Amino acid sequence: MYKPRTSCRACGLGSPQSTTLKQSTAAGSVYQEDQKLIEVFDLGVQPLANDFVAASDERAGFAPLKVLFCPRCHLGQLSVEVSPNILYSHNYPYVTSTSDTMKAHFGLINDGLSKECKRPNTVVEIGSNDGALLGFLLSHGWKTALGIDPAQNLCQVAQTHGIPSLCQFFNEVSAETALKCVGHPDLILARHCFCHINDWKGFVKGLEVLAGDNTVIAIEVPWAQDMLENLEFDTVYHEHTSYLSLKSIDFLLKDSSLGLSDAWHYDIHGGAIMLIIKKRGFDDARARLALSKERISLDAWREFAAKSEVKVMELSAKVRSLAAEGKTIVGYGASAKSTVWIQACGFKKSHVRFIADCTKGKWYKQSPGTDIPIVDEGALTRELPNYAILFAWNFRKEIIEKERLFREKGGKWIVPVPKIEIV
Ligand code: TMP
């Protein structure tokens, strides 16, 4: 089900090839092992965060959830890789949000990328999910779109919405297929899938095949700097195999025909950056500036780990004391993040009665590793609990506004990120 990761997927530190020359003597060369990846954060053994199944169904399993830090390129990465076939290929429940927050974000990235591309005509999206973003771009002037995604259920949805989709993982082979379908696109876009990928070198080779001289590659990723500063420890789960530093991308692309041209920062999902990558030959001043400002370090990871532990104890104690007083507590947003919180705090149905969520595919299932049921969003105002933990804190403004009746009737939100707040 999973295998260990002992070398850095960006710069290779820890791999047998990653040795440094210590000294050359008359007797020959002496090599020393380079530094090793350093353990910085450990959440123990956890269920897969999106393994929402009915009480009677088979579970995918549990795996260690531990982050290793690369002292050379500052990439954080999980100590194990769960097989992508288990995580994604069958009935993957994560659907791109159609919330107002997300639509506004799509608008922002379309504005930026339309300007960055010489001709905003053809777009290929890697990790296209149900085709929501490609559909948006087609309705905003882009002429041709192709999706690539390994989840069969989601490719089918995209196809029914008129978005052609290759149901494959992205690599050199699927890049060749995409090239045959649409030629070199003006834009290759990948939102929040790059940090799910184990083989970054293979991914870069695929990009080199598909990208032409004028192609803009735009990869949106959560940025470890935001995660560390806002204590978003609940974004650490098995699908996120990497916690990205710009420095690691610089290392990764070093031996390729591609280079980092710029990095745009967005607030979405607790803080993300759009890596702008192009075939070499451009002025990389904007990327150098962004790289020089990055503050990810071993100390920052250690501080994050210590503060996250305190935060878990805080929420755990708060919920237990409210439950002991007879208060009713539920969750809102059965995100993968909710699984991480619930496991870290050891919550069961006796603490969190249910989690309300708008995704139909999650209803009547259970939060992974627990007996906590997932129900429809309407349950919040039907049941009127005393407290609701906002696990989908990245949609805070939108959800609190949408569910204002809950507060009008006396309900209170517990918002866990960036700090635990009752509102
Ligand atoms: P995400 O942060 O990984 O996108 O997950 C957010 C979860 O919250 C997802 O399961 C959908 C759910 N959600 C609602 O139930 N209601 C909402 O209004 C929004 C925006 C999200």
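Me: Is His 269 buried or exposed?
Reply: His 269 counts as buried, at 19% relative accessibility. Buried means under 20% relative accessible area, exposed means over 50%, and partly exposed is in between, using a 1.4 Å probe and protein chains only. One heads-up: this is a predicted model, so local features need pLDDT of at least 70, side-chain atom pairs count only at pLDDT 80 or more, and totals for chains, interfaces and linings use all residues. Also, residues are numbered from 1 along each chain as its sequence is written, and side-chain values use heavy atoms, with hydrogens and water left out.

Me: Okay, and where is His 269 found?
Reply: His 269 is in the loop between strand 14 and strand 15 (272–279). Helices (H or I, at least four residues) and strands (E, at least two) are DSSP runs, numbered from the N terminus. His 269 also has a positive phi of about 55 degrees, although it is not a glycine.

Me: Why point that out?
Reply: Most residues other than glycine have a negative phi, and most peptide bonds are trans. Leu 231 is another non-glycine residue with a positive phi, near 55 degrees. Leu 231 lies in the loop between helix 7 and strand 13 and counts as buried at 13% relative accessibility.

Me: You mentioned peptide bonds. Which peptide bond is cis?
Reply: The bond from Val 417 to Pro 418 is cis, with omega near 0 degrees. Pro 418 is in the loop between strand 20 (412–415) and strand 21 (421–422).

Me: Switching topic: how many aromatic pairs does the structure hold?
Reply: There are 11 aromatic pairs. Phe 233 and Trp 341 make one that is edge-to-face, 4.6 Å centre to centre with 75 degrees between the planes. Phe 233 lies in the loop between helix 7 (224–229) and strand 13 (242–243) and Trp 341 in helix 11 (residues 336–345), so the pair ties together parts that are 108 residues apart in sequence. As for the rule, rings of Phe, Tyr and Trp (its six-membered ring) pair if their centres lie within 6.5 Å; planes under 30 degrees apart count as stacked, over 60 as edge-to-face and the rest as tilted.

Me: And is Phe 233 buried or exposed?
Reply: Phe 233 is buried, with a relative accessible area of 0%. Trp 341 is buried too, at 0% relative accessibility.

Me: What does helix 11 pack with?
Reply: Helix 10 (residues 298–324) packs with helix 11 at an angle of about 80 degrees, with their axes 9 Å apart. Axes are lines fitted to C-alpha atoms, for helices over the stretch in contact, and angles run from 0 to 180 degrees between N-to-C directions. Helix 10 and helix 11 are therefore roughly perpendicular to each other. On that scale, angles under 35 degrees count as roughly parallel, over 145 as roughly antiparallel, 65 to 115 as roughly perpendicular and the rest as oblique.

Me: Which residues make that contact?
Reply: Lys 311, Val 312, Leu 315, Ser 316 and Arg 320 of helix 10 meet Trp 341, Ala 344 and Cys 345 of helix 11, where contact means heavy atoms within 4.5 Å.

Me: How about helix 8 and helix 9, at what angle do they cross?
Reply: Helix 8 (residues 246–253) and helix 9 (residues 285–293) have axes that come within 9 Å and cross at roughly 130 degrees. That makes helix 8 oblique to helix 9. Leu 246, Lys 247 and Asp 250 in helix 8 meet Arg 288, Ala 290 and Leu 291 in helix 9.

Me: Which residues of helix 9 are buried?
Reply: Ala 287, Ala 290 and Leu 291 are buried in helix 9. They cover an arc of only 100 degrees around the axis, which puts them on the same side of helix 9. The arc is that of the directions from the helix axis to the C-beta atoms. The face turned away from the buried side of helix 9 carries the exposed residues Leu 289, Ser 292 and Lys 293.

Me: Last one: what covers the buried residues of helix 9?
Reply: The cover includes helix 8 and strand 14 (258–266).
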